[in-house]
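Open your viewer, get your selection tool ready, and follow along stop by stop.

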Amino acid sequence: MARDQGLPMWLGITYAILWWTTQALIPAVIGFGVDAVIDKDAGELARWSAVLFGLGAVQALTGVLRHRCAVYTWISSAYTTVQLTSRQATRLGATLPKRLSTGEVVSVGNSDIAHIGNAMDIILRGAGALVAVVVVTVIMLSSSMPLGLLVLIGVPLMALVISPLLRPLHRRQHAHRDLQGDLATRAGDIVAGLRVLRGIGGEQVFADRYRAESQRTRAAGVRVASVESLLEGAQVLLPGLLIACVTWLGARFALAGDLSAGELVSFYGYAVFLIAPLRTLTEAADKLTKGVVAAKRVVRILSLEPEITGGDAQARHGDLRDEESGVVVREGVVTALAAATPEEASAIADRLGRYSDGRVTLAGVPLADLSVEAVRGHILVADNAAALFAGPLREELDVRGHGDVEAAVYAACAEDIVEALPEGLDTHVAEAGREFSGGQQQRLRLARALTADPEILILVEPTSAVDAHTEARIAERLAKARAGRATLVVTTSPLVLDRADHVFYVEDGRTAAEGTHRELLTASTAYRATVTRGEDR
Amino acid sequence: MSRQILPVADKAQVRAYARRLMVKYPKELSAALALHGLAALTGLAGPALLGGLVQSVADGAHDVRVDTIALAIAGFVIAQGILTRFAVYASSRLGEKVLAELRQEFVDRVLALPLSTVERAGSGDLITRTSRDVDSLSRTVRHAVPEILIALVTGVFMIGALVIVGPLMVLPSLLAVPLLWISTRWYLNRSGPAYLREGAAYANLTEGLAQTVEGARTVEALGLAGRRRDRTDDDIRESYAAERYSLSLRTVWFPSVEMGYVIPVVATLFLGGLFYLEGWVTLFQVTAGTLYIQQLVDPLDRLLSWIDELQVGSASMARLLGVANVPDDRVPSEATPDGDAIRAEDVRYAYREGHDVLHGIDLDVRPGERLAMVGPSGAGKSTLGRLLAGIHGPRTGSVTVGGASLVELPLAELRGQVALVTQEHHVFKGTLRDNVLIGRPEADDDAVKRALEAVDAWEWAEKLGLDAEVGSGGTALSPAQAQQLALARLVLADPHTLVLDEATSLIDPRQARHLERSLAAVLDGRTVIAIAHRLYTAHDADRVAVVEDGRISELGSHEELVMAGGPYAALWESWRR
């Protein structure tokens, strides 16, 4: 990812180096200024003051340029991560819910991208800080070897002394972050189930549960703070001691005449200055670690492969046949599938739509030999778990961009829903069709499937949430809307079964009987028991 | 885009809230401030001691006690290090405490949100508030607030030290004040809305990602991949525009502020030097003054950079507090119900102004009866159900239990009276037991078992075990099982009136009928209002209300209505066919 952002990265590093270096030079210039004051040389003082001002101006300019580059790398790495995750989600498709929890993927959007962005940002600042340390060291060595050496040895030594603190800090931060993650999941869970909670009144339980977890997180936060504060203290103490040593040695040299009073001030300034780049370097170690952890999680998601893969054959027109159950979806007719249990029915629908492996053929060719895109384009399985997305309704219904939305809305008996919307089909609908009732959502899903107008349409319980009246109308209109195409309706509704050209009755995974609804009613008692809704117990 | 987003609190509200938080723990706060103050005080010794040294060196004095001075510097540094440690710890602990309270209060506010609002705002906005805004506020409380306090304390001490060293040395730095003041004012006036916009754009981005992830199977089935990618790209574009704008503000502000830091140092050195040449100040004063001014940059910079963060935090805070700004849809009154009878009188209701979906409904629900509501989709059954459960208040007319208006009952009281289960189901993250216990937290395992038995769920629940983790990250339950759980919660909660809105629609029709009958046995004596599309529910009920076009067109027992030969009879016939 760093490579993708070469230019802003390198520019940023350059600016960061300039920025830090000008800061590093400031103590030296102040030292010269103080010497000028001691020498009572007003002209010299004015000159050094001007240099100091110039350095300040450069620092201000490079500082903001550095910041701009940092923001660009931050947001572009964040956006790239979101883009990759979103693309991967669309690539994984039906595999995703089987392999990952939603929270895991969404946490990428919520926290991981920030960590990755921070890591990119710190690379910029860290590189500059490193250079600044080198510059200051060189200056110091050239003006006083012993003092320079003292700082040169002292600074890494400080880093070394601080490093044992980092491990417990990271461990506690990790524990804290885990708890925070759990807490966020809990909050997300509450938001997702809010409607249920408000319905039944479990709010207090969840408020209490959240409170307890929140307090645990707080305790973990305090544990982090106890190490963090040690680190803070050490970061004041250790450089401070170094400053004291520098001042002590410097003062002795100055008294001996080896060092000017101004240089003594400069050395004090260097030692103070070094605290900042040193902090940045410590920060870099931390942020890079976090960035790597976040990147690993993203990479894990990105490395998942779709479970279902196919060959490269194209789809041909013909009957779709499931060998295992004996169910055949014929061209030009409405076939219905009534199963003794809903699980059997959905297993068959999954096989026919190639969401799971099975011995299924299309026009005699095994479905597994076809490319997955060809299967998806040819066969559409529409079930009740299908998501409705936010957007203008017309666009959300006409997913393939060339369907007859009005006709599909009519066939799905969804005209009343559209009429009730303020701007009809152009109304922007909210996520997951939340403003619609269950029955309305089901009809909108059906309208969407019909608008897509695939060669083979497999509808799983398309009318389970609508009233009997509407169900009868849908059954009638569906046959007309799908005239000439192949349609399989998985249902136990007698109203829909009665309208089908051919009905399969499946029991224990195999076709137990087939024929028209009326034939089966008389021929199979098991079928009758399944579809008459227990009327005649 | 006409999508409604939850409200955001205004500045005054955020300020008042922040003020209240600040003074909530006076002891902890003053202890932390005192520690930070002491730490800052010990930090002032260095420049003064160095200034003295420089003076002596320049004077050519030979009796300077260098060792003592260096030891003194070391001593102050050690004290500063130790004080810093305890100061940081004290302020962090206080921060964590306040933070925990903030997020808990936020969740409490979310849990008190009126339902209609939640559904309209979309969960993305709320999810972003619960994750990103809580995070960003955490940063503010954990870092920005303490840093600003430290900066203020340190800065004040440093200016004080400067005044003591030589009042004249303060003057040169004043040159920078107008620049700092004006540029910061300019920036802060614009940055608030800019960060709000940034947050909203980001919410959109994560919402889009969440939708893509949740609907991944649908995306594959319908070939929506390209469209979802476009949506991500659009969202990124919008977010980028917002980020760019706030960056452009900082591009002006940052250099101005940095110049504001440089000017005092330069001015102090130059003018201080001239003062020295004039004999107005001593060398000690020039050196120590310059060093103080240079060190003052640090707290000043902390202050200004965290003020920026404070803005981000207050934007988040505004979004968190805003949740409470949703007008409450219930105002508890003193009325207490006298009896269990639910009655609706001349009830009208509109989701959008001017578009009533219920047109003057009158309905007396008899205690203990099973009332079925049937009618075509979109006729207003669900809306009426929600009104009868006290979720919404009617636009006109009243819905009462025992004479007391449902929406005027305190929530806890309402739940004891009437509960609603819809086909909307959610399995909460936790154990199977937890999921049922929502209905009545103090219930024991026997009660949980009986509740699950009542909804025909014990068979699979026993196999899974009550301790099985379900919900996000745990065992996935089917929609039918989730619906059974929802009903089991209700059985456990045991209110005298239950509103079931298509509560069994996702369960296989034959199982559903069995379930409804075993449920009926458990709920004997309770009032049940069942909204159903399956007519056998109506057939099994004591009375049937046919809802058409927002009105009750027929009301009576199944037999009566079939005999009457009206719309219900026609429906029954078509269904029986």
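Which residues have the most contacts inside the largest nonpolar core? Before you select them, note that this is a predicted model, in which local features need pLDDT of at least 70 and side-chain atom pairs count only at pLDDT 80 or more, while totals for chains, interfaces and linings use all residues. Residues are numbered from 1 along each chain as its sequence is written, and chains are lettered from A and ligands numbered from 1 in the order in which they are written.

**Stop 1: the core.** Now select A:Leu264, A:Leu337 and A:Ile458, which have the most contacts inside the largest nonpolar core, a set of 354 residues. Such a core joins buried Ala, Val, Leu, Ile, Met, Phe, Trp, Tyr and Cys residues through C-beta atoms within 7 Å. Buried means 20 or more other C-beta atoms within 10 Å of the residue's own, exposed means 12 or fewer, and partly exposed lies in between, with C-beta atoms placed from the backbone. Next, colour helix H1 (residues 6–38) of chain A, which gives the most to this core, with 18 residues. Helices (H or I, at least four residues) and strands (E, at least two) are DSSP runs, numbered from the N terminus.

Zoom in on A:Ile458: leaving aside residues up to four places away in sequence, A:Ile458 touches A:Ala349, A:Leu352, A:Gly353, A:Ile379, A:Leu380, A:Val381 and A:Leu488. Contact here means C-beta atoms, placed from the backbone, within 7 Å.

**Stop 2: between the chains.** Show both chains: 135 residues of chain A are in contact with 137 residues of chain B. On the chain A side, helix H7 (residues 203–256) supplies the largest share, 31 residues.

**Stop 3: a helix pair in chain B.** Select helix H7 (residues 177–214) and helix H9 (residues 225–278) of chain B, whose axes come within 9 Å and cross at roughly 165°. These axes are lines fitted to C-alpha atoms over the stretch in contact, with angles from 0 to 180 degrees between N-to-C directions.

**Stop 4: two positive phi values.** Jump to A:Cys413, in the loop between helix H12 (405–411) and helix H13 (415–420) of chain A. Its phi is near 55°, a positive value in a residue other than glycine. A:Cys413 counts as buried because it has 27 C-beta neighbours inside 10 Å.

Finish at B:Asp494, whose phi is also near 55°. Look for B:Asp494 in the loop between helix H16 (479–493) and strand E9 (497–501) of chain B. With 17 other C-beta atoms within 10 Å, B:Asp494 is partly exposed.

Terms used:
Two residues are in contact if their C-beta atoms, placed from the backbone, lie within 7 Å.
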